[in-house]
2 protein chains.
Amino acid sequence: MLNRLKYLLVGSPLPSRMLAEKKLNKVRALAAFSPDALSSLAYANQEIFLGLVVAGASGLSLQFPIALAITLLLGVVALSYSQTIHGYPSGGGSYTVARENLGLYPGLVAGAALLLDYILTAAVSLTAGVAAIASAFPELWPYRIWLALGLLLIITLLNLRGLRESGTAMAVPVYLFLFSFMGMLAYGLVRAVLQGTPAPLASVAPSAVTPLGLFLVMHAFSAGCTALTGVEAISNGVTAFRPPAWENARKTLVVMAFLMGFLFLGSIGLTQFFGVVAGPGETILSALAHHLLGTGPLYYLVQFATLAVLAVAANTSFAGFPRVTAILAQDRFMPRQLFNLGDRLVFHNGILLLSGLTAVLIILFKGESHALVPLFAVGAFSAFTLSQAGMVVHWFRLKDRGWMLKSFINGLGALVTGTTLVVIGISKFLEGAWISVLVIPVEVFLCKKVEHHYKMVSGQISMHGLPPSLRRFPSPRVVLPVSGIHRGMVHAVNFARSISNNVTALFVDLDGGAEKGSFLRDWETWFPDVTLVVVEAPYRSLVEPLLTFLEKTDAEHNDGQQAVLVLPELIPASGWQEVLHNQSAAEIKKALLYQRRAGLQRVIIDVPYHLEG
Amino acid sequence: MLNRLKYLLVGSPLPSRMLAEKKLNKVRALAAFSPDALSSLAYANQEIFLGLVVAGASGLSLQFPIALAITLLLGVVALSYSQTIHGYPSGGGSYTVARENLGLYPGLVAGAALLLDYILTAAVSLTAGVAAIASAFPELWPYRIWLALGLLLIITLLNLRGLRESGTAMAVPVYLFLFSFMGMLAYGLVRAVLQGTPAPLASVAPSAVTPLGLFLVMHAFSAGCTALTGVEAISNGVTAFRPPAWENARKTLVVMAFLMGFLFLGSIGLTQFFGVVAGPGETILSALAHHLLGTGPLYYLVQFATLAVLAVAANTSFAGFPRVTAILAQDRFMPRQLFNLGDRLVFHNGILLLSGLTAVLIILFKGESHALVPLFAVGAFSAFTLSQAGMVVHWFRLKDRGWMLKSFINGLGALVTGTTLVVIGISKFLEGAWISVLVIPVEVFLCKKVEHHYKMVSGQISMHGLPPSLRRFPSPRVVLPVSGIHRGMVHAVNFARSISNNVTALFVDLDGGAEKGSFLRDWETWFPDVTLVVVEAPYRSLVEPLLTFLEKTDAEHNDGQQAVLVLPELIPASGWQEVLHNQSAAEIKKALLYQRRAGLQRVIIDVPYHLEG
């Protein structure tokens with residue numbers, strides 16, 4: 001039944017041979033990898049506006065210059081990544097590039113930063129999208145956490161179905177957003193040209209509450225840099241493209257960068273030109289749309305498209321995060337199951353992990369994207385910087401045609417993103433950047449810890465040093481705790497006798513002899529040839545007398561072997577009935593688990609007896 | 001480590017022989033069993049006041065008459081229960097009495113009602129206590145759910161330590177409450193006598209918003225009947241008293257009933273005499289204390305004593321609930337483990353169950369006692385009525401000296417509590433009584449369901465019909481899924497060979513042959529004498545090919561036996577590392593559990609290999 005529900009939701013299993021067919025063409029790849037980058041303007045514009053409006057008209061007059069600086073940064077970063085795609089056609093995530101060229105720890109820092117960033121992308125996009133639609137329909141406001149979690153669930157299911165399908169599902173909203181926004185901006189440009197002179201900001205802007213200073217500008221610039229998040233997604237996913245993969249990926253990146261620049265500069269430019277100012281309870285993008293489109297259906301279309309593209313932006317993380325965790329798992333820095341391809345040929349464990357962590361963030365930050373944004377840029381710019389610094393080293397080592405230009409471009413990229421990272425780290429530290437600064441080293445530490453464990457285990461279980469002819473175990477001694485005589489017990493006794501000639505039944509006397517007599521008689525009747533030992537239980541617990549007996553009998557036999565425990569287990573027909581059975585077996589196993597952790601390797605055998613109805 | 005924490009919190013285990021020493025003397029028993037009954041006035045007074053104040057001065061003038069009627073009811077119920085204690089010296093809970101005399105279903109209804117009532121007592125007492133102290137210190141108000149849950153935790157731990165200790169811990173607050181309240185009431189009586197004429201209610205009462213009618217009076221009376229909850233606690237716990245148990249219990253009951261009557265009548269009488277009226281945000285008891293004691297330390301002492309006794313009242317449930325569930329478990333209506341005496345000679349599972357359910361109620365009803373009170377009286381009065389009707393039958397059957405008087409008293413008790421139950425059911429139905437009316441049959445249904453299951457199982461596993469000489473199993477066929485060659489696998493292969501001469505290793509080829517060649521060579525080197533079978537896994541899952549192979553091999557051998565599965569298991573030194581290992585074993589076991597539910601009884605043997613560090 002559970003399996004059928006699973007198939008209904010995510011589709012039936014796909015055979016491995018279908019793996020090659022699940023590649024994306026450019027149109028679908030743009031939809032799958034660009035929405036994070038494209039939709040960033042929804043929160044970047046808002047953060048720039050909020051950062052500058054406190055300085056009044058003179059602050060707001062800096063919107064466009066700051067947007068211009070960020071767009072230049074975008075150009076450098078995109079150029080830089082287009083080289084990464086060329087240099088690493090098999091998929092050059094920041095982790096891979098930084099690790100191969102800069103060493104283990106920079107690689108892990110880049111990987112950790114990237115993972116954090118993917119989670120934040122999902123959380124910020126979903127909450128910002130819900131906020132966009134909730135500002136158009138205020139009655140949705142109280143339910144925004146639930147709406148964000150609902151969207152998260154839908155996206156998770158789509159991704160569990162597989163990448164091709166999610167490419168299709170995601171393409172519609174992405175192109176809806178692109179066309180509706182480009183249409184609005186084009187219309188706005190025409191109106192701006194007709195109007196000629198910009199609106200005087202001084203007459204609309206609220207009066208300044210803070211003087212315009214360097215820190216304030218840095219602050220607004222840092223916040224606006226979230227516009228760049230997502231630019232790296234394509235370079236991590238080159239292998240998802242149809243061949244020739246790296247060329248298709250590069251073309252897609254260039255198209256995406258131009259679209260990003262146009263949307264970002266256009267929207268901020270028009271906002272400043274028309275002197276649009278947003279009051280509380282409205283985003284600056286919504287205010288711009290109101291100004292240009294009034295309150296008719298077109299306004300609602302734009303708000304809906306914003307929600308849609310932000311929801312889809314969360315999907316970028318679902319395309320990227322599981323790939324990075326799979327690579328980390330392959331390198332043994334993460335649990336192995338993150339590398340397993342699921343039924344539908346996707347890294348389902350990575351998808352589920354991302355979904356769970358995103359849900360936690362949404363709940364912890366109460367569905368408010370504004371609270372999450374400050375954590376955001378640190379991860380992205382750490383990964384940018386390390387990845388591009390790695391590319392510089394890469395070209396230096398390779399020294400192929402044009403390596404000096406290539407390394408100059410990547411070097412420039414590393415320099416500007418590194419500088420931006422420092423600016424962000426300083427100006428946003430207290431607002432939340434400190435969380436990212438704290439979490440990334442913790443992630444690195446955990447990765448090293450996991451790797452250390454796997455290395456240690458593989459040393460411990462290696463066959464190295466074992467003699468070629470292996471010592472075989474003798475037939476085991478079996479101990480069977482008995483509490484009553486019933487068919488389940490008969491089964492267990494029979495099984496014990498089928499695997500060994502040395503079976504001891506152990507009766508733990510829990511109630512001070514009340515039932516001992518009749519039990520001994522019955523035992524003699526049914527199993528006259530099985531040795532029965534009786535021990536006392538002054539504390540009414542089965543466990544301690546049993547453990548004591550096992551230790552004693554192992555010590556007495558002194559054959560280097562540990563007695564095997566056989567436990568009868570009644571299997572009820574349905575799950576809820578479990579609570580009515582087998583409590584002592586569970587208790588015994590729990591106690592032995594502690595002992596096993598401490599070095600005992602006793603085998604415990606459950607012998608099931610099936611109950612009906 | 002966990003064990004050490006447990007010992008620190010609840011004390012080290014006690015041997016069974018200490019059971020007899022854990023009995024209570026009368027002073028301690030009063031503290032253990034009476035606080036629910038005594039403290040009921042904290043919410044009963046409040047509910048009477050709130051029920052009547054809507055009818056203005058003429059409503060409030062009925063406070064004392066209604067209190068008088070309830071006190072008469074209390075007298076009848078107490079008299080009735082004193083006969084129960086005599087008739088059932090081994091502990092006559094409503095369940096026992098109703099079941100023995102009226103039959104199975106009335107007994108189960110009484111038991112279910114009682115259990116519900118215990119949970120509500122705990123929840124209402126804790127929330128009302130926190131509300132009392134929060135009206136003295138308003139800054140605590142936002143934390144009242146946490147405060148209630150904190151108190152619940154403390155009481156749970158005290159009860160897990162054992163009854164005698166909790167008797168001691170609880171005695172101080174109970175007697176503090178008794179002496180401070182009796183002092184206040186005595187002082188109030190003196191002042192009333194000196195004053196002579198009662199205050200005119202018309203000048204202080206708010207104007208009526210509802211006309212004074214029969215339904216309003218019934219409503220206030222029903223709400224006030226919560227004052228009686230807890231009166232039955234002693235009769236359920238007779239065995240906890242020092243011998244002569246039933247005499248000590250009866251004396252304690254009489255003392256308790258007189259104290260209850262005095263406190264209840266005294267406080268309501270003074271409230272009406274002095275014309276005390278409470279505004280919003282203050283309880284009527286707090287208003288009375290303010291009137292009599294001003295705002296000095298004595299007022300705070302009374303409020304604190306109210307909190308303390310209500311907290312302790314929750315403890316009455318902890319004395320009663322686990323006893324009733326233990327009796328029900330002994331009769332197989334509840335899971336068996338509720339009858340197990342824990343390390344500290346208490347029914348620890350019952351205590352934990354009560355604590356969990358109370359926490360759920362506190363959270364669901366957001367810590368508001370007023371919302372819980374309407375659910376409350378239905379359970380108590382159902383149990384009262386059934387128990388006393390049962391006693392009538394008891395005396396009729398016994399026909400010992402004075403049986404006619406005895407059955408008349410219990411009959412009167414049954415009649416008045418039954419009538420009250422109908423009044424409560426009607427007047428409080430929509431406010432919450434419907435929940436109790438719904439929950440009690442559900443509880444009865446579940447009890448019958450559990451009993452049915454246990455009966456069915458005991459039929460299925462009974463030895464009845466088995467031939468006296470049992471068929472022995474032949475040595476099992478063993479199947480061992482192998483994924484790689486390491487020391488853990490060596491261990492598993494050796495164990496498999498030690499229990500059987502028929503071992504088949506099964507290699508499931510997950511990656512389409514990439515690792516197959518080298519694996520086959522290595523296997524031949526290390527285990528030349530163990531048959532190895534290779535199967536394909538087109539869907540990259542171990543489970544289906546394994547299940548298919550098992551079915552096939554069982555069908556081929558056709559010996560009525562199911563092959564035994566041996567799985568190597570790496571045991572990490574600490575728990576967090578579990579997530580890094582044994583995922584395929586877990587997957588196999590999960591898949592087989594479904595099969596086992598459907599009737600397969602295959603034995604699965606984990607062979608542990610211990611990892612260090």
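**Entry 1: the two copies.** I superposed chain B on chain A in this predicted model and found an RMSD of 0.2 Å, with a turn of 179° and a shift of 0.1 Å along the axis.

**Entry 2: conventions.** I number residues from 1 along each chain as its sequence is written, and chains are lettered from A and ligands numbered from 1 in the order in which they are written. Local features need pLDDT of at least 70, side-chain atom pairs count only at pLDDT 80 or more, totals for chains, interfaces and linings use all residues, and side-chain values use heavy atoms, with hydrogens and water left out.

**Entry 3: the sheet.** I traced an open sheet of ten strands with mixed pairing, in the order β3(A)-β2(A)-β1(A)-β4(A)-β5(A)-β5(B)-β4(B)-β1(B)-β2(B)-β3(B). Strands are DSSP runs of E, at least two residues, and helices are runs of H or I, at least four, numbered from the N terminus; two strands pair if DSSP finds at least two bridges between them. β3 of chain A and β3 of chain B stand at the edges with a single partner strand each, so one side of each has no neighbour in the sheet. Three bridges join the antiparallel strands β5(A) and β5(B), and Ile605(A) stands opposite Ile605(B).

**Entry 4: a covered helix.** I found eight of the ten residues of α14(A) buried, that is, under 20% relative accessible area (1.4 Å probe, protein chains only). Among them are Ile284(A) and Leu293(A). Gly294(A), with a positive phi near 70°, follows α14(A).

Key: Copies are superposed by least squares on the C-alpha atoms of residues with pLDDT of at least 70 in both. Buried means under 20% relative accessible area, exposed over 50%, partly exposed in between (1.4 Å probe, protein chains only).
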